[in-house]
Amino acid sequence: MCGIVGFVGREEAAPILLDGLRRLEYRGYDSAGIAVFDPKDGLQMVKTKGRIQVLADHIAERGGLKGTIGLGHTRWATHGVPSDVNAHPHMSENGRIAVVHNGIIENYVEIKEFLQSQGVHFTSETDTEVVAQLLEYYYDGNILDTVTKVLHQIRGSYGLGVLCADCPDRLIAARKDSPLILGFGKGFHMIASDVTAVIKYTRDVCYLDDGEIAEITADQCWIYDSYLRPVEKEHHHVDWEISAAEKGGYEHFMLKEIMEQPKAIHATISPRIRDGQVVLDGLDYSEEYLWAMDKIYIIACGSSYHVGMAAKYVLEKYLRKPVEVALASEFRYSEPIVTDRTLALVISQSGETIDTLAALREAKRLGARILSIVNVMGSTIARESDDVLYTWAGPEIAVATTKAYSTQLAVVDLICLSFARKLGTISAEEHDTILAQLQSLPEKLEEVLEQREQIQYLASIYFNHSSVFFIGRNLDYAVGMEGSLKLKEISYLHSEAYAAGELKHGTISLIEQGTLVIALASYRPLFEKTMSNVVEVKSRGAKVLGLTTEPLRGEMEKVADQTITVPEVHPMLLPSLDVVPMQLFAYYVALMHGCDIDKPRNLAKSVTVE
Ligand code: F6R
């Protein structure tokens with residue numbers, strides 16, 4: 001999704017802005033641009049469709065951009081096709097004010113019509129241009145006042161950066177429902193939609209809240225509420241290393257992040273296990289609260305939703321409480337049954353997904369207590385939740401999630417063990433077995449990762465199949481959903497995940513000679529049931545790639561064309577192992593198709609529009 005970076009200081013701004021934009025590339029974009037104030041020639045802007053390198057080449061061709069203050073943007077098209085003209089920044093008609101914007105201005109048509117009736121000419125098809133033109137229309141010599149006035153007129157979501165040629169020592173930033181941070185350095189300040197854009201320059205950051213407006217110069221920073229009353233904000237220190245957001249010798253971030261899973265799971269689990277018990281960061285979930293809890297409502301999107309699907313099986317089995325899993329985009333517009341005894345478990349890697357955030361707010365409004373599982377420190381979902389459990393996966397750069405998914409699963413396991421122990425719905429023996437196995441999960445994951453070459457070989461056999469079905473039951477079904485999503489999002493192959501028993505209720509008609517079926521049958525209690533479904537597809541000509549546990553290898557090999565195994569662990573922990581071959585398979589298939597693995601087409605890392 002779109003990215004913003006802004007700089008004001010004493011050094012040349014353009015190289016810093018370009019570097020920041022490169023670090024935001026992972027979010028997904030189709031065009032990019034930069035505006036810099038040149039003391040000699042005024043506001044200068046270069047923008048172009050395509051990659052940051054194209055933008056950098058254009059800037060170099062014109063001899064660079066001079067100036068120590070500027071704004072940069074990567075655009076992921078919503079209103080108007082990807083093009084040079086629609087790329088940000090957008091300028092007011094007289095070239096005085098430049099604007100970069102993430103989000104959507106919902107009442108842009110109305111504003112545009114009004115401005116056109118006043119004789120203003122528009123050059124782009126975007127909603128953002130109305131902000132630049134409206135700023136110019138109201139401009140009274142004070143850009144901060146003018147921004148504030150305009151913000152009271154626009155509806156929708158925004159992370160906004162504004163640069164006005166009349167006051168070229170300052171940038172104005174504002175946010176509503178779209179993340180924006182400030183970076184503090186010696187003799188410079190930055191704004192960005194994501195800490196990755198500023199981390200090379202400063203680790204001292206502050207997260208703007210909805211409705212807040214910031215004014216930054218090289219040496220000073222003021223933050224206000226939407227009525228320009230001063231606001232005191234806490235600074236945060238970003239403690240991950242810049243190398244965490246670099247490829248470290250791997251061809252793609254995705255592969256690096258797949259391989260980092262043992263480390264990420266260890267980092268997520270180990271601080272939360274003490275003396276044989278789960279300690280949930282000091283969160284207060286008393287026995288009384290848990291007994292009174294009427295249901296758990298899991299709210300998430302995409303892969304995080306798939307974690308929710310696995311969580312439902314696990315939590316219902318061990319807590320004996322009803323668990324509903326809702327797609328955030330559906331939850332927010334349905335009439336969910338939520339009470340003040342409902343626990344809403346909100347799962348989000350980025351902590352900024354707009355549908356999930358809106359659903360969180362709705363659940364809160366209805367009285368639920370919000371517990372979120374989030375990877376990005378200080379993100380909006382984390383800040384708006386009653387309680388947060390962070391996944392310590394480190395920055396995830398590849399658009400397709402891998403290590404964030406696995407660490408979310410690990411946090412679900414911790415929650416489950418902690419709650420079940422308090423409720424007395426799990427025996428001490430089973431609790432201790434699962435906990436011990438959870439702690440040794442990183443080693444088991446290393447064993448699965450050692451099969452990387454075998455999975456690459458399997459991918460080379462099957463990469464040319466145009467349609468793939470993932471089948472499984474219970475937790476295997478939940479993992480199949482994630483395996484299918486991984487495959488389609490990065491390799492663009494059509495794939496579907498089905499509950500194995502459901503296939504014969506319609507979809508089996510699509511199985512023909514040579515159709516690839518990936519059969520997940522690691523969940524021992526339902527192994528035989530799933531295997532009957534595998535036989536059904538096999539007898540209709542399907543090619544079957546089976547996934548099971550090592551002890552069941554022989555049984556699977558009797559039916560499947562090829563078999564992948566994972567070490568046997570407690571069923572609750574199986575998804576954490578099973579998903580790894582699915583991730584690797586998708587990765588190698590995409591590689592063989594020559595796809596842009598880290599930045600798949602049309603996708604964005606952090607989905608901050610509806
Ligand atoms: C798929 C993927 C997406 C995200 C979804 C939710 O690989 O990454 O499906 O899981 O967009 O994002 P978060 O977890 O950031 O709320």
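Is Asp19 buried or exposed at 13% relative accessibility? Asp19 counts as buried, a word that here means under 20% relative accessible area, with exposed meaning over 50% and partly exposed in between (1.4 Å probe, protein chains only). The legends below describe a predicted model, in which local features need pLDDT of at least 70 and side-chain atom pairs count only at pLDDT 80 or more, while totals for chains, interfaces and linings use all residues. Residues are numbered from 1 along each chain as its sequence is written, and side-chain values use heavy atoms, with hydrogens and water left out.

**Figure 1. A salt bridge joins Lys200 and Asp19.** The two side chains meet at 3.7 Å, N to O; a salt bridge is a side-chain nitrogen of Lys or Arg within 4 Å of a carboxyl oxygen of Asp or Glu. Lys200 lies in the loop between strand 10 (188-192) and strand 11 (204-207) and Asp19 in helix 1 (residues 13-24), so the pair ties together parts that are 181 residues apart in sequence. Helices (H or I, at least four residues) and strands (E, at least two) are DSSP runs, numbered from the N terminus. Lys200 is partly exposed, at 46% relative accessibility. The whole structure holds 35 salt bridges.

Figure 2. Strand 6 (residues 97-102) is joined to strand 7 (residues 158-164) by 6 bridges, and Ile97 stands opposite Cys164. In a regular strand, side chains alternate between the two faces of the sheet. On one side of strand 6 are Ile97, Val99 and His101, on the other Ala98, Val100 and Asn102, and all are buried. With 6 of its 6 residues buried, strand 6 is therefore largely enclosed by the rest of the structure.

**Figure 3. Strand 5 and strand 6 form a hairpin.** Between these strands are 5 residues, and Gly95 in the turn has a positive phi of about 75°. The strands run antiparallel and are joined by 2 bridges, with Met91 and Ala98 as bridge partners. Arg96 forms a salt bridge with Asp166 (2.9 Å, N to O). This pair links distant parts of the chain, 70 residues apart: Arg96 is in the loop between strand 5 and strand 6, and Asp166 in the loop between strand 7 and strand 8 (171-176). Arg96 is partly exposed, at 25% relative accessibility, and Asp166 is also partly exposed, at 45%.

**Figure 4. Asp275 and Tyr492 have a positive phi although neither is a glycine.** Most residues other than glycine have a negative phi, and most peptide bonds are trans. Asp275, with a phi of about 50°, lies in the loop between strand 15 (273-274) and strand 16 (277-278). Asp275 is exposed, at 78% relative accessibility. Tyr492, with a phi of about 65°, is in the loop between helix 17 (475-491) and strand 23 (494-499). Tyr492 is partly exposed, at 28% relative accessibility.

**Figure 5. The peptide bond from His88 to Pro89 is cis.** Its omega is near 0°. Pro89 is placed in the loop between strand 4 (69-75) and strand 5 (90-91).

How values were computed. Two strands pair if DSSP finds at least two bridges between them.
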